[in-house]
Amino acid sequence: MAERLKAQKKATAIAKLNDVPTSPRKMRLVADIIRGVEVNKALDILKFSKKHASKSLSVVLRSAIANWEAKNEDKSQELENGNVIVKTIMVDEGRTLKRIRPCPQGRAGRIRKRSNHITIILDVKKPVEE
């Protein structure tokens, strides 16, 4: 049982980036595009995306790929063959910085500067059994 769990953890790689200064809603729009996609294709998608959030996601994805390569030195062919996929990508809400902006008639308007936490988990594609 423990050996099986250890083997599963060996095959997966995780990368996290905390307090990215983009709202989670905007980041999830880009994250949904690359969920379940092969990593090299996901990097290409992020490279040519016009969204600002794609830059932060590509940094985390490159980190996850480097973590996977460090864990699986003997399986470097898997990455080249396109068998490594983005298994899970989570965008959680980070802290919110609250600022005040002057409004008409002496009022104060609240500005919420939101941030998020990104977690990416990579895994190898399961072979199709017929």
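Two strands are taken to pair if DSSP finds at least two bridges between them. In the predicted model described here, strand 2 (84–102) and strand 3 (108–124) pair in the antiparallel sense over 16 bridges. Within this pairing, valine 91 has isoleucine 118 of strand 3 as its bridge partner. The two strands form a hairpin with five residues between them, and in this hairpin glutamine 105 adopts a positive phi near 60 degrees.

Strand 3 also pairs with strand 1, again in the antiparallel sense, over six bridges. Here the bridge partner of alanine 13 is leucine 122 of strand 3. Apart from neighbours within four places in sequence, threonine 119 is in contact with Ile14, Ala15, Lys16, Thr88, Ile89 and Met90.

On the side of helix 2, the contact involves Val30, Ile33 and Ile34, which meet Ala42, Ile45 and Leu46 of helix 3. The residues of this contact comprise six nonpolar, no polar and no charged ones. After helix 2 comes glycine 36, with a positive phi near 80 degrees.

The buried residues of helix 2 include Pro24, Met27, Val30, Ala31 and Ile34. These residues lie on the same side of helix 2, because the arc they cover around the axis is only 130 degrees. In general, an α-helix has 3.6 residues a turn, so residues three or four places apart point the same way. Two of the buried residues, Val30 and Ile34, also take part in the contact with helix 3. The opposite face of helix 2, turned away from the buried side, carries the exposed residues Arg25 and Lys26.

The cover over the buried residues of helix 2 is drawn from both helices and strands. Among the helices are helix 3 and helix 4 (53–71), and among the strands are strand 1 (13–20), strand 2 and strand 3.

Key:
Residues are numbered from 1 along each chain as its sequence is written. This is a predicted model: local features need pLDDT of at least 70, side-chain atom pairs count only at pLDDT 80 or more; totals for chains, interfaces and linings use all residues. Side-chain values use heavy atoms; hydrogens and water are left out. Contact means heavy atoms within 4.5 Å. Helices (H or I, at least four residues) and strands (E, at least two) are DSSP runs, numbered from the N terminus. Ala, Val, Leu, Ile, Met, Phe, Trp, Tyr, Cys and Pro count as nonpolar, Asp, Glu, Lys and Arg as charged, and the others, Gly among them, as polar. Buried means under 20% relative accessible area, exposed over 50%, partly exposed in between (1.4 Å probe, protein chains only). The arc is that of the directions from the helix axis to the C-beta atoms.
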